[in-house]
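Visitor: Could you take me through this structure, please? I would like to start with the ligand.

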Amino acid sequence: MAQIKSRKSQPIDSEITVPGDKSISHRAIIFGALSNGTCVVHGLLTGEDCMATVRAMRSLGVRIEQPAPDTMIVHGRRLRFDAPEGDIDCGNSGTSMRLLAGLLSGLPFRSRLVGDASLTRRPMRRIIDPLVQMGARITSENGNGCAPLVIEGGALNPIHYHSPVASAQVKSSILIAGLFAKGKTSVTEPGRSRDHTERMLRYHLVTLQQEGFTTSIYGDQVPESRDFHVPGDISSAAFWLVAAAARPGARLLVKDVGLNDTRTGILGVLVRMGARVREVIEEMDQVESIGSVEVFGTTLKGTVIEGDEIPNVIDELPVLAVAGALAEGTTIIRDARELRVKEADRIAAVATNLCAMGVPVTETDDGMQIQGGARLRGAKLDSFGDHRIAMAFAIAGLFAEGETVIRNTECIATSYPGFEETLESFIRAKAGRETHIPVIHPHSAAPV
Ligand code: S3P
């Protein structure tokens, strides 16, 4: 079983890039496959989650070449795919399973979606209900609303679905199914979730409408094939942004990172906590805003993270909880019940690990209250099989007395190949010397 050892480092003074955005990489593969021609996608994340999507699309007959570690050439199938020969294994990836369920609902054959133990516990009713309303036949094999899911797709009806959760995965699943329906399919969310699907479909010349929190798509549109550049993942940058923000004298510049404003909530939270943050959008011409973020560290102060801000920082909450532990005063996270159904129960996992490091923390139903300012003690921790928990606590270890060991860290490969090398270079860096972190081209997936 893999483990990571973290220990106190000098204040970070560095410039880095991070691997491609996970959400955007999944979509680039899926929309390329739906399109009417060849799409070259650069800067892809080839972590395990996105490779699950690549394998799934290949099992539906899509030709995908990988001429370089982070480049893929996707040969679109104009909305027509082959029936898969076996199960489609989504591994640990909720995004793969939920988005693919939308796609498979529109295809005239039977398929079976499976995943690992964590994914098999995650709620799928949120996509089963709307897709069944559209006319797909979907069975949760164990009758508990979770995977394995058997999908018999075919002709779909357009619906207007009111989602009980603000979830980009739910919205995207329905919008993708909507491509196969005759007429207008709409999704209304209770709040704003990340909008990569809308931006990317528009880039592929698909017509969508947006009114408040309602997004609509017209069926029978074939996305136009176009090449695509995936920006760095702000959710991966988040770990280093917190490592720099919480240390007086530290400075970090993250370059070529996605700055879509449905994803940059973490920057606002760090500013509220007292960090100096400079965000420069350098490119808005294509689909997504891309640029750099520079953070200067300080002694942070506690804050409240709640309400509409939650969907925007949902993946960053574990490392923001660590920031709260390093801050003076109290940090409160509420309205974040969704954290309980991520790759692990992230409320319980964060509370358990912060407690083990000597931080007073109270778990609530929908969040936690963290008493900052305590000295962090190195400890033996578990990742609970969750990549973001593993990485958040590797960051906590950079501030702790003594060694922090995080067990069960294979899961980091799902979203951030190369994380451990970057961590090591920060731990080894000498005081007062700028660290240049090499761009790591992960080879987690063998080129084909
Ligand atoms: C994602 C959306 C978010 C996020 C997940 C990726 C996506 O989940 O937590 O890591 O790519 O659409 P929800 O849409 O369920 O909130």
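Visitor: Why does the ligand lie between domain 1 and domain 2?
Guide: Both domain 1 (3–20 + 231–428) and domain 2 (22–229) give residues to the shell around the ligand, so it lies between them. The domain bounds come from an automatic or database domain assignment. This is a predicted model, in which local features need pLDDT of at least 70 and side-chain atom pairs count only at pLDDT 80 or more, while totals for chains, interfaces and linings use all residues. Residues are numbered from 1 along each chain as its sequence is written, and side-chain values use heavy atoms, with hydrogens and water left out.

Visitor: Which residues surround the ligand?
Guide: Among them are Lys-22, Arg-27, Gln-169, Asp-315 and Lys-342.

Visitor: Which element gives the largest share of the shell?
Guide: H1 does, with three residues. Helices are DSSP runs of H or I with at least four residues, strands are runs of E with at least two, and both are numbered from the N terminus.

Visitor: And how far is the side chain of Arg-27 from the ligand?
Guide: A polar side-chain atom of Arg-27 is 2.7 Å from a ligand oxygen atom. For Lys-342, a side-chain N or O atom also lies 2.7 Å from an oxygen atom of the ligand. A polar backbone atom of Gln-169 is 2.9 Å from a ligand oxygen.

Visitor: Changing topic, where is Pro-148?
Guide: Pro-148 is in the loop between strand S8 (137–140) and strand S9 (149–152). The peptide bond joining Ala-147 and Pro-148 is cis, with omega about -5°. Most peptide bonds are trans.

Visitor: What about the phi of Asp-220?
Guide: Asp-220 has a positive phi of about 65°, although it is not a glycine. Asp-220 lies in the loop between strand S13 (214–218) and strand S14 (228–229).

How values were computed: Near = heavy atom within 4 Å. Polar contact = N/O pair within 3.5 Å; in protein donor to acceptor, adjacent residues only side chain to side chain.
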